[in-house]
Amino acid sequence: MSKILFLHSGDNWIRGSELALSRLLNGLRSTDISCFLYCDQRIFAEHSKEFCENDPVCAVLPEIMLHESKYNLNIVSWLKAYSRIKAFVRNNQIDLIYCNGARTAQLGYYVARSCGLPQIVHVHSAHTRRYT
């Protein structure tokens, strides 16, 4: 049985990317794939309970972003999230990390790389911001 960790970040609603991920999770229910969700939206975490192996984890998924005059360099928060997700991956013996959107790809990439896992990134629209 394969185990996939789905990382998702967004506003506290169920719209575009949340609907796409919900359909994917629902479709995987009839397979031998176990789905785990780590997101920063309480509404989506509640909505997704029926699709996941365990209760979805709802926690902050910070970003490090540099774009023109705007920037977000909350490195301490980012490192804490990285450590929590990495521990989650190891504790649950995850086989693949699926990032639902470009923003989660930043954390997902480094966790996947440090754990020797493959990563899939589903980018839903063109992004003009620069994530480091």
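Colleague: Which residue in E6 is the bridge partner of Ile4?

Modeller: This is a predicted model, in which local features need pLDDT of at least 70 and side-chain atom pairs count only at pLDDT 80 or more, while totals for chains, interfaces and linings use all residues. Residues are numbered from 1 along each chain as its sequence is written, and side-chain values use heavy atoms, with hydrogens and water left out. Strands (DSSP runs of E, at least two residues) and helices (DSSP runs of H or I, at least four) are numbered from the N terminus, and five bridges join E1 to E6, which run parallel. In E6, the bridge partner of Ile4 is Leu96.

Colleague: Which residue of E2 stands opposite Leu5?

Modeller: E1 is mostly covered, with five of its seven residues buried, where buried means under 20% relative accessible area, exposed over 50% and partly exposed in between (1.4 Å probe, protein chains only). On the side of E2, Lys3 stands opposite Ser34. Leu5 stands opposite Phe36.

Colleague: How many residues of E6 are buried?

Modeller: Leu96, Tyr98 and Asn100 point one way from E6, whereas Ile97 and Cys99 point the other way, and all are buried. E6 is therefore largely enclosed by the rest of the structure, the number of its residues that are buried being five of the five.

Colleague: Within what arc do the buried residues of H1 fall?

Modeller: The expected span of a helix is 1.5 Å times one less than its number of residues, so the 13 residues of H1 (residues 16-28) should span 18 Å, and its end C-alpha atoms, 19 Å apart, agree with that. Ser17, Glu18, Leu21, Ser22, Leu25 and Leu28 are the buried residues in H1. Because they line one face of the helix when seen down its axis, with directions taken from the axis to the C-beta atoms, these residues fall within an arc of 135°.

Colleague: Which exposed residues does the opposite face of H1 carry?

Modeller: The buried residues of H1 are covered by elements including strand E1 (2-8), strand E2 (33-39), helix H2 (42-48) and strand E6 (96-100). The face turned away from that buried side carries the exposed residues Gly16 and Arg23.

Colleague: With which side chain does the side chain of Asn100 make a polar contact?

Modeller: Asn100 lies in strand E6 and is buried, at a relative accessible area of 3%. Leaving aside neighbours within four places in sequence, Asn100 is in contact (heavy atoms within 4.5 Å) with Leu7, His8, Ser17, Leu21, His122 and His124. A polar contact is a pair of N or O atoms within 3.5 Å; within protein, one must be able to donate a hydrogen and the other to accept it, and residues adjacent in sequence count only if both atoms are side-chain atoms. At 2.9 Å, the side chain of Asn100 makes such a contact with that of His8.

Colleague: How far does the backbone oxygen of Gly101 lie from a polar atom of the side chain of Thr104?

Modeller: Thr104 is found in helix H4 and is buried, its relative accessible area being 3%. Not counting residues up to four places away in sequence, Thr104 touches Leu7, His8, Ser9, Leu61 and Cys99. From a polar atom of the Thr104 side chain to the backbone oxygen of Gly101, the distance is 3.1 Å.

Colleague: What is the phi of Gln93?

Modeller: Gln93 lies in the loop between H3 and E6 and counts as exposed, at 58% relative accessibility. Most residues other than glycine have a negative phi. Gln93, a residue other than glycine, has a positive phi, near 50°.

Notes. Pairing = 2+ DSSP bridges.
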